[in-house]
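Here is a friendly walk through a few features of this model. Please keep the view open as you read.

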Amino acid sequence: MSGFSFPGEPDPPTEQFTTPHDFAHVLSGYDTSVQGELLVSTFTAGMHHLEGLAGHILPVMVIWQLGIPLTELAGSTTGALDARKQWVAWTRGDATTADTFSSGWDFWAHVDKPLEELRAAMGVPRWTRPTRPTASTHLGTAPAPERLSA
């Protein structure tokens with residue numbers, strides 16, 4: 001259980017944030033672990049260029065890399081950053097042709113589409129979850145940045 005409140009309970013997260021954020025989790029394939037939150041926020045920043053660094057990357061780095069709690073909801077920890085994984089997440093988000101945080105994004109227009117079809121239509125680069133984690137495994141792969149724009 002994440003500890004998030006539901007609508008109607010005190011202090012629930014806003015739907016204006018949770019729907020596009022959670023949809024970015026689904027599109028990217030990143031889970032809701034601390035590292036998954038760092039990666040989906042970086043993916044989002046690559047996809048949503050408007051204040052991507054200040055609005056999506058820096059807050060989660062402060063919370064989950066430096067251990068400085070900015071909100072009670074998110075908690076805090078240290079050491080979750082992996083620069084290689086962040087780069088993969090950024091390049092995947094940057095290659096994505098739609099933005100779940102844009103004012104024109106309509107979640108409901110896409111809910112009935114098969115996920116792989118939607119990812120292909122939105123240009124989300126393929127990502128493979130590791131099957132056997134090791135010290136040298138990073139969360140998935142993406143083409144080198146110069147190949148993403150091709």
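Of the 14 residues of α2, 13 are buried, so this helix is largely enclosed by the rest of the structure. Buried here means under 20% relative accessible area, with exposed over 50% and partly exposed in between (1.4 Å probe, protein chains only). Helix α2 (34–47) reaches 20 Å from its first C-alpha to its last, close to the 20 Å expected at 1.5 Å a residue; the expected span is 1.5 Å times one less than the number of residues. Helices are DSSP runs of H or I with at least four residues, numbered from the N terminus.

A note on the model: it is predicted, so local features need pLDDT of at least 70 and side-chain atom pairs count only at pLDDT 80 or more, while totals for chains, interfaces and linings use all residues. Residues are numbered from 1 along each chain as its sequence is written, and side-chain values use heavy atoms, leaving out hydrogens and water.

Now to the rings. The structure holds four aromatic pairs, and two of them are set out below.

| Pair | Distance between centres | Angle between planes | Class |
|---|---|---|---|
| Phe-23 and Trp-105 | 5.4 Å | 55 degrees | tilted |
| Tyr-30 and Phe-43 | 6.5 Å | 75 degrees | edge-to-face |

Rings of Phe, Tyr and Trp (its six-membered ring) pair if their centres lie within 6.5 Å; planes under 30 degrees apart count as stacked, over 60 as edge-to-face and the rest as tilted.

Phe-23 in helix α1 and Trp-105 in the loop between α4 (83–95) and α5 are 82 residues apart, so their pair links distant parts of the chain. Both Phe-23 and Trp-105 are buried. Ring pairs also join these two with Phe-107 and Trp-108 into a cluster.

The other pair brings us back to α2: Phe-43 lies in this helix and Tyr-30 in the loop between α1 and α2, so the pair ties together parts that are 13 residues apart in sequence. Tyr-30 counts as buried because its relative accessibility is 3%, and Phe-43 does so at 0%.

Finally, which helix gives the most to the lining of the second largest pocket? That is α5 (115–121), with three residues. Helix α1 (15–28) also supplies at least two. The lining residues, among them Leu-27, Arg-92, Glu-116 and Trp-127, divide into five nonpolar, two polar and four charged. About 170 Å³ of space lies in this pocket.

A pocket is an open set of points on a 1 Å grid over the protein atoms alone, with protein on both sides within 12 Å along at least five of seven lines, and lining residues have an atom within 4 Å of a point.

Key
On a 1 Å grid over the protein atoms alone, a cavity is a set of points where a 1.4 Å probe fits but cannot get out, and a pocket is an open set with protein on both sides within 12 Å along at least five of seven lines; lining residues have an atom within 4 Å of a point. Grid points are joined across faces, edges and corners, and a volume is the space filled by probe spheres set on the points. Ala, Val, Leu, Ile, Met, Phe, Trp, Tyr, Cys and Pro count as nonpolar, Asp, Glu, Lys and Arg as charged, and the others, Gly among them, as polar.
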